[in-house]
Amino acid sequence: MPGGPKLLKYFNRLFESGADTLKIRMKIEQHHLSINPYSRSGKLLHEVKTIVMHWVGNAGSSAETNRNFFESRKDGKQGYGSAHYIVGIDGEVIECIPTSEAAWHVGSKSYTVYTRSYLTDGNPNYCTIGIEMCHPRSEGAFTYATLFAACELAGSICEEHHLNPYRDITTHKAIVGWKDCPKHWCENPGELQRFQRKVAGSMGL
Ligand SMILES: [Zn+2]
């Protein structure tokens, strides 16, 4: 997907105008991580119950930079962590891990009541798909290009796995309780609901 301020303006207008049925031809670039214990174990997902939305937390970084950071973890010196997808500031999408496999995006010592009662009493990494979103500034608000592409991406995952966007799209915070991710959505809870509505709209619901 091409970037630039012109496209950003276009997305901005579309997102605000509620042009839900307009399908942007979202291009997913597959740039898979190497198999390694720290970011891509190769272990399979047991099922797909929920999509978990994240912010990258590194203001101004690109999707490719974040993908390469996950890749750099393979030597084991930078801990565990990854996600299936990263959506960039201009709406570019990189698939880091095939959705048949688990990513390490919601690992925690403890989980919320929601996770334990509704998702799993085991490790939610095995029943969730993780989408990271890049952001231009440290306060964490997303560009409309990012939101639009993430919306399209989440909609296609919902369709493939028969998920309900109102019920089955959530945040990292809702899974683990302690992590303010995505920061801007934690501080503005209406943002998740708005995103869910947009995804539902993009699916024609
Ligand atoms: Zn997160």
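## Basis of the description

Residue numbers start from 1 in each chain and follow its sequence as written. Because the model is predicted, local features need pLDDT of at least 70 and side-chain atom pairs count only at pLDDT 80 or more, whereas totals for chains, interfaces and linings use all residues.

Helices (H or I, at least four residues) and strands (E, at least two) are DSSP runs, numbered from the N terminus.

## The sheet

Six strands form an open sheet in the order β1-β4-β3-β5-β2-β6, with mixed pairing; two strands pair if DSSP finds at least two bridges between them. β1 (28–30) and β6 (169–171) are at the edges with a single partner strand each, so one side of each has no neighbour in the sheet. On average, neighbouring strands are turned by 25 degrees against each other, direction ignored. Axes here are lines fitted to C-alpha atoms, for helices over the stretch in contact, and angles run from 0 to 180 degrees between N-to-C directions.

Strand β2 (residues 50–55) pairs with β6 in the parallel sense over three bridges. Methionine 53 has threonine 171 of β6 as its bridge partner.

## Helix α4 on the sheet

Helix α4 packs on the sheet and touches β2, β3, β4, β5 and β6; contact requires C-beta atoms, placed from the backbone, within 7 Å. The direction of α4 makes about 170 degrees with that of β5.

The 18 residues of α4 (residues 144–161) reach 25 Å from first C-alpha to last, close to the 26 Å expected at 1.5 Å a residue; the expected span is 1.5 Å times one less than the number of residues. Of these 18 residues, 13 are buried, so α4 is largely enclosed by the rest of the structure. A residue is buried if 20 or more other C-beta atoms lie within 10 Å of its own, exposed if 12 or fewer, and partly exposed in between, with C-beta atoms placed from the backbone.

## Helix α2

In helix α2 (residues 63–72), the buried residues are Ala63, Asn66, Arg67 and Phe70. They line one face of the helix, because they fall within an arc of 105 degrees when seen down its axis; the arc is that of the directions from the helix axis to the C-beta atoms. Their cover includes β3 (85–87), β4 (93–95) and β5 (128–133).

## Backbone features

Most residues other than glycine have a negative phi, and most peptide bonds are trans. Histidine 162, which follows α4, is not a glycine, yet has a positive phi of about 55 degrees. Histidine 162 lies in the loop between α4 and α5 (165–168) and counts as exposed because it has 8 C-beta neighbours inside 10 Å.

Cysteine 181 and proline 182 are joined by a cis peptide bond, with omega about -5 degrees. Proline 182 is in the loop between α6 (172–176) and α7 (183–187).

Key: Contact = placed C-beta atoms within 7 Å.
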